[in-house]
Amino acid sequence: MNELLVFAEQHDKKISEPSLELLEKGRQLTEKAGVKLSSVLLGCDVKEIAGELIAHGADKVYLFEHEKLKDYGMLPYTRVITNLIRKKEPEIVLFAATTTGRELAPRIAARLEAGLTADCTDLDIGDYKDESGRLYQNILVQIRPAFGGDVIATIVTPRHRPQMATVRPGMFSVPEKDVNRSGEVVVCEAEIMEEDGRTIIVDSVKTPRKVDLKSAMVIVAGGRGARPEGFELIKRLADVLGAEVGASRAAVNAGWIPYDHQVGLSGQTVKPDVYVACGISGTVQHLAGMKDSKTIIAINKDGNAQIFKFAHYGVVGDLCKVIPKLIEKLS
Amino acid sequence: MHVIILMKQVPDTRQAVTLRSNGTIDRERTKNVSNPYDKNALEAALQVKDKLGARVTVISMGPPQAVEVLREALAMGADDAVLLCDRRLAGSDTLATSYALSRTIKKVGNYDMIFCGMETADGNTAQVGPEVAEFLNIPQITYVEDFKIDGDSLEAKRLIEGGYERLRTKLPALLTITSTANEPRYPSVLAIIRAGKKTIPTWNLEDAGVDESRVGLKGSPTRLRRIDKPRARGVECVLFEEEELEVFLDRLRRDAVKLVQKR
């Protein structure tokens, strides 16, 4: 094995947090596999932030600076990273599963005809024996929920290189910054072609986030069992508790509450002190986003619901009866 | 204007799926539906058809029963449909699937736009759209909530973390459409009956010009090593009945669980 490459996403000359989280996991994997941890950084005038990547654990940073790389553009970024991968032949390439990583990684994987596993919740180094009994050692073990979150799949890429994966943001912590760490910044030449200019950015607009699930101490969340009338009660309870309102994918898909509130694999990952799951059955999809909450309280009619296997406290009952009583007792 | 839509039949994730012992999904014991996000993609194309006039072709890859997805699409207003169906496709991962779909699209030919759902409800990978676009060497814009066609280019609103960006790209292009983009229409009873009578062509690998060595398990770089039911944590859940809320709240207080935050 030679190196593990992490794509460092930057916006306005700031390395995104999910990319730094990859360095945390990347260090564990490279130590296990005995290889170097490298990172690739694209931008314009971003030399000064290359050191950030080294301070957070990278041994080497491939730096590409070009006017046409200033903001993320799928076509030029695909070209530059694909060429780097062809030249350096890393064993493993990781991307954060952000809106950028989730479209850039498959584009690169298809160009390289490499395998790609989406939205991993964990990674490891391990062995795999294929159908013919051939053993592959020290390969990337990719773990992710599948089938809408009902099961956990372990996926490997035995023969093709690089082994590529996108990793769900919020699964690992940002590594401690050490300004004394040493590493190498390799300045590289970006080759961009005319056809990479087929798409241009007209403008970019920030919309203020109304829901702040990440920093909430308490979240009251509703699922399929809540129904629209349940969400009215959930909002009232959240108000009484000084909490934010969360929701499962089922509730968001049903149109009962906007996407900003979604917790889970295709929503946000949260770790509040208290998570109150109301009418949530507990699919892997949802658990992936909240199972690390300090205390989990479940309110569900079905005493056999999966969520009770993850909750510390449970109330078996109809949330439309339970929540009004809680509001009354806590007001 | 010719718009191609990629649609997939998925297990209804509102119900638990049944797995076989080898970890593959038991489709006979699982109810199947059209991937909900693909209906947003189809709706986006039908709106183009209503406004500017367009031919809408729907392609699906899957077992014979995936034809149900195509019938539903025809009933909603699509003009043509093709089912790519071949046993040799079984076990294809996203790369192999994208390759097979891109060959089928080339065979259908002469497209201006390709729309997909933003992801599927079963795999949630969101990889097939970008991979198909790469195999066809056309630009893609993902997470599109709104777009405007302007001659031989289009401008799209792409949702990103904390906001959105507006991108302009040359046609042909592939867009993946978000669930917030529109409300998919319901077909009329008459349209359902009419779609039921239509013959939908089923293509095998040779019909679509797909190289057998690049699909199925052997054409797929990734392998499923194992599949597990989620592990429950070791902690025993303390359960209360609906009538014991006072006891429940006392227990939380005793365990120092701080339910009420100060604003």
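Among contacts in chain B between residues at least 6 apart in sequence, 70% join residues at least 24 apart; two residues are in contact if their C-beta atoms, placed from the backbone, lie within 7 Å. This is a predicted model, in which local features need pLDDT of at least 70, side-chain atom pairs count only at pLDDT 80 or more, and totals for chains, interfaces and linings use all residues. Residues are numbered from 1 along each chain as its sequence is written, while chains are lettered from A and ligands numbered from 1 in the order in which they are written.

**Chain B**

- Chain B has seven helices and 13 strands, where helices (H or I, at least four residues) and strands (E, at least two) are DSSP runs numbered from the N terminus.
- The C-alpha trace of chain B spans about 70 × 45 × 40 Å along its principal axes.
- Chain B has 263 residues, of which 47% count as buried (20 or more other C-beta atoms within 10 Å of the residue's own, with C-beta atoms placed from the backbone).

**Where chain B touches chain A**

- The contact joins 71 residues of chain B to 77 residues of chain A.
- Elements of chain B that give two or more residues to this side include helix 3 (94–108), strand 8 (153–160) and helix 7 (245–254).
- Strand 9 of chain B gives the most, with eight residues.
- By class, this side of chain B has 33 nonpolar, 16 polar and 22 charged residues (Ala, Val, Leu, Ile, Met, Phe, Trp, Tyr, Cys and Pro count as nonpolar, Asp, Glu, Lys and Arg as charged, and the others, Gly among them, as polar).

**Domains of chain A**

- Chain A is assigned domain 1 (3–197) and domain 2 (218–330), with bounds that come from an automatic or database domain assignment.
- The centres of domain 1 and domain 2 of chain A, taken over C-alpha atoms, are 34 Å apart.
- In chain A, 12 residues of domain 1 are in contact with seven residues of domain 2.
- The side of domain 1 of chain A that touches domain 2 of chain A has five nonpolar, four polar and three charged residues.

**A helix pair in chain A**

- Helix 5 (residues 227–241) and helix 8 (residues 319–330) of chain A pack at an angle of about 20°, with their axes 10 Å apart.
- These two helices of chain A are therefore roughly parallel to each other (angles under 35 degrees count as such).
- Residues that meet include L233(A) and L237(A) in helix 5 of chain A, and I323(A) and I327(A) in helix 8 of chain A.
- The residues of this contact divide into 12 nonpolar, one polar and two charged.

Definitions and conventions:
Axes fitted to C-alpha atoms, helices over the stretch in contact; angles between N-to-C directions. Parallel < 35°, antiparallel > 145°, perpendicular 65-115°, else oblique. Buried ≥ 20, exposed ≤ 12 C-beta atoms within 10 Å, placed from the backbone.
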